[in-house]
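Here's a quick briefing to read with the model open next to you. Grab your viewer and follow along by topic.

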Amino acid sequence: MNIYYTLLKTELQGEQLILDAEKAIYWPRRRVLLLADLHLGKAEHFRREGLPVPMAIRTKNLERIDGLLKKYIPERVIFLGDLFHSLHNKSWTVFCNFLKKRPAISFELVIGNHDILSEADYSAAGLTLHDEPYLQAPFILSHHPQEEILEGYYNLYGHIHPCVYLQGLGKQYMRVACFHFGKYHGVLPAFGEFTGMAKMETVEGDRVFIVVAPQLATETGIVKQVSF
Amino acid sequence: MKFNKSKSFKPALAWFKQNEWKPFPFQKKTWEAYLTGKSGLVNAPTGSGKTYSLMVPILLEFLQQTSPKNPKVKNNGLQVIWITPIRALAKEIKNAGSRAIDALGLNWEIAIRSGDTKTSDRTKQKKKPPEILITTPESLHLLIASAEYSKFFKNLKTVVIDEWHELIGTKRGVQIELALSRLRSKCPALKTWGISATIGNMEQAVEVLLGPEYKNGDWEIIRSKLKKKIVIETVMPDEIERFPWSGHLGITLLPKVLPLIYQSKTTLIFTNTRAQCEIWYQRLLEADGDLAGQIAMHHGSISRELRNWVEEALHTEQLKAVVCTSSLDLGVDFRPVETIVQIGSPKGVARFMQRAGRSGHQPGATSRIHFVPTNSLELIEASAIRTAVKNQKLEARYPYIRSFDVLAQYLVTLATSEGFEPVSTLAEIRTTYAFNSVSDEEWNWLINFITTGGPSMEAYEEMRRVGFHTGLYRIMNKKMATRQRLSMGTIVGNSSMNVKYLRGGKIGQVEEWFISQIKPGETFWFAGRSLELIQIRGMDVIVKKSKKKRGKIPSWQGGRLPLSSQLSEELRQKVSLLSQGEYPDKELKKIKPLTDLQAHRSLVPNENQLLMEYFKSREGFHLLVYPFEGRAVHQGISTLMAWRISQLQPISFTIAMNDYGFELLSDTEIPIDTALRNNVFSTFHLSEDIQSSVNSVEMAMRQFREIAAISGLVFKGYPTKEKRVKHLQSSAELFFKAFADYEPDNLLLVQAYEEVMSFQLEEVRLRAALKRIAGQEIKLMRPPKATPFSFPIIVDRLRERLSSEKLQDRIDKMRLQLVR
């Protein structure tokens, strides 16, 4: 009998971390919530270009963040890059208002390739900006995977939107988002709705935690370690 | 004016006589019908003089009505649009037209407008329209997307749609219906004429083409009586025992194809896929070095320039053989071609006859086609196809209806040029066969879709493709207009990259996923050349020639063609003969040892039996069912069966199928007896059950890819600045999921399901098949292991999935896929 949690505790570099089925990591000792690749405003960006993406996606993203904030009550939320999909649009204002209503929390951003908003936009949101790599011992926080890893450190990054393939008897297989922890690098699944996924190469010794969103209202999300 | 036949025909008959030609009866009949003001359809095969059946009366009408005194008058404005689905035919039509114009002493201009036409020529055509414009469906839409198109079309008398049988079953056919509806309202006296080879639903083809004209009855179908004699030879394997049970490549019989090449002046070798074409070409050269320089390859992903070269070389008799795909099904006749080879099942009678007809062009000559089976069971197909050809059982081509993707694209097209007025445009659209059932609600949804982006979005102002000004819907800005024009060619095509030499020179296109497997410095084979990848630059794959003999061969994604209903029916009869131990021809005789083994391990069913096989292997529990209905119908029945069984208990299936049957594979025992007791093949609640199951089988998602591209959801980028649009990259899958979650009644989503039902699963055939099964005795066999019938299905890795188990339970049983 398996018991499913919407979160799972694991240890990394001597630190206890909570992997949440909402595609987030919570670091209890430092009270930090880590989120990667939100791609906020992607729907609006598409719509502005005449591509009709349903707008409800925006609401959904913020609802999910709100859920996590209530669940963990973090002091800091660090976004590991690609927070906003493209140039400024209305979604940013909505997001700024969302942050302003939560003055007790420090929201911080490690800059990623999609983060091309102006200084003014970021300061309007009250975001603290970090260039990558951003060191929070024992972790190196970044958007892209880092090549140089300092002794005793471990790199947590985003960018890739990782997923893995599961296989079973009867030629069954499934493609699912995941947290993927290698020897020196760990990658977070993309938090944002309306984002794609890329397959992770997995080798012996890697730890893979799949994340599956609930398919029905009666189900809970799944986060589960899988092996070969 | 009263129609006087002999007087009207006189100039044309004189010209024919001068050339020692005699008009065919169908040509004269068409002339008369045309000159009495009718619309209609000419049913004649390629190369039968069909062009002159319409070109001649068009010119005669001008002589007698518009300008009897001064035939030399110039600049009469655009009189005729001649639509052809293939650019290659345009030149031949133009030459034929020019000859007729000269002979009848007119001063008309005839011009081609297609994707290949230079911008300067297009501008010229726009300023001073030719009297006859030969064009493709896409280019016609582009004309409608250009400013002041009404002026351009104002003198138009006639639209001719050539090769209508090729267009009717496609979305390009819907494009034509829409373009015609607009042209008819701009030019109320417009005549519409189609030219079509024989198909199973001739009358419907006319109805679709003529739209409102069909109802007033002033039209005619004119059939040519010309028939070609076809001889079919099967290339036989020496020993059936050593011939493969599965596979679709057919290389085993390559040594027997070589002598065929040497026996004829020129041979066309038809393969079913582009990858198969590449492999056969390479293997032929390996098997016989003397063929180097004497054979070539032709398929749709090879660049236009290379294909032109091959076609030219075919005309001038420089090639012994060309390995090709359906890319050479149509088009200009190549006189030197004497022999046709078909590798693997052609899947349809009409296609097979069309290919056979590419040899033996002289009137009365015999067409010769050699069928090369790629696996044992295809010998039964060989026998079936011979009977079907003999009985002239041709397939119907069903038109698309309610293609909202095409309609959305068309509305934005109208908005891009002169704008459209909603009330009259809706009325116009409802005159088409495809959209006569569009409701007001659906129309409003579409208008919302192209303006604000959907029904629930009024609050947001960002999304504006098309806006409403002074009674007209018009495109919002230049950027949107450019994008619309660029995406209009995307009715066909996948995300492909251009393969080019470092020093320039385009070789063709491969799909992005294939190139992603190859690293710089590695070699791959494409267009019959060994190529080394140097680098990828934007959408270009830069290569140089390589000396390496081996390399990966690209394949292109695309559906597998299902066996047509006509051919499946013949196939079932042949299998039934086999079950009774009758072997009336050499193909069936040859396969006897195999069917004996099938009968030994399981059963060869007769026409009153439905064979099912159930056995266990290391992979799980296999349930095989053999309706012999073609893969489209099998997809439907298998999905239905899997879904119904999954309602009995939580269970997961993967499903594979071919044209003979299908397999449900599960990791647990399948409750077959319970399923059969519960009438698993019943037609009761058929649509509902299929809809519910399709939901979970991702078919609709795949169907949605094309819909997303056509309706402009997925934008592939501007030709010169791919990088800039990176933030706009998305996939049809993302849209599909977003719509399914947040906007389930989205019409394009609904369309995906409807297309799955009517085109992929062929609902009409599916119902007929289930009805037939209901009258059959079910024979459930339990063979100890795989049988000759089951083997090709079991080894197929391309599978559908369906599950009623909880996700969590399924995940528990799964493991990480290893890195290969």
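Strand 11 of chain A, residues 162-168, pairs with strand 27 of chain B in the antiparallel sense, over two bridges. Look for A:Leu166, which stands opposite B:Leu816 in strand 27 of chain B. Keep in mind that this is a predicted model.

**Where the chains touch**
- The contact between the chains involves 41 residues of chain B and 44 residues of chain A.
- On the chain B side, the elements giving two or more residues are strand 23 (652-657), strand 24 (662-666), helix 29 (732-742), helix 33 (807-812) and strand 27 (815-816).
- Sorted by class, that side of chain B has 19 nonpolar residues, plus eleven polar and eleven charged ones.

**Domains of chain B**
- Five residues of domain 2 of chain B are in contact with five residues of domain 5 of chain B.
- The domain 2 side of that contact in chain B has two nonpolar and three polar residues, with no charged ones.

**Helix 25 of chain B**
- This helix covers residues 631-648, and its 18 residues reach 26 Å from first C-alpha to last, close to the 26 Å expected at 1.5 Å a residue.
- Why call helix 25 of chain B largely enclosed by the rest of the structure? Because 15 of its 18 residues are buried.

Terms used: Residues are numbered from 1 along each chain as its sequence is written. Chains are lettered from A and ligands numbered from 1 in the order in which they are written. This is a predicted model: local features need pLDDT of at least 70, side-chain atom pairs count only at pLDDT 80 or more; totals for chains, interfaces and linings use all residues. Two residues are in contact if their C-beta atoms, placed from the backbone, lie within 7 Å. Ala, Val, Leu, Ile, Met, Phe, Trp, Tyr, Cys and Pro count as nonpolar, Asp, Glu, Lys and Arg as charged, and the others, Gly among them, as polar. Helices (H or I, at least four residues) and strands (E, at least two) are DSSP runs, numbered from the N terminus. Two strands pair if DSSP finds at least two bridges between them. The expected span of a helix is 1.5 Å times one less than its number of residues. A residue is buried if 20 or more other C-beta atoms lie within 10 Å of its own, exposed if 12 or fewer, and partly exposed in between; C-beta atoms are placed from the backbone.
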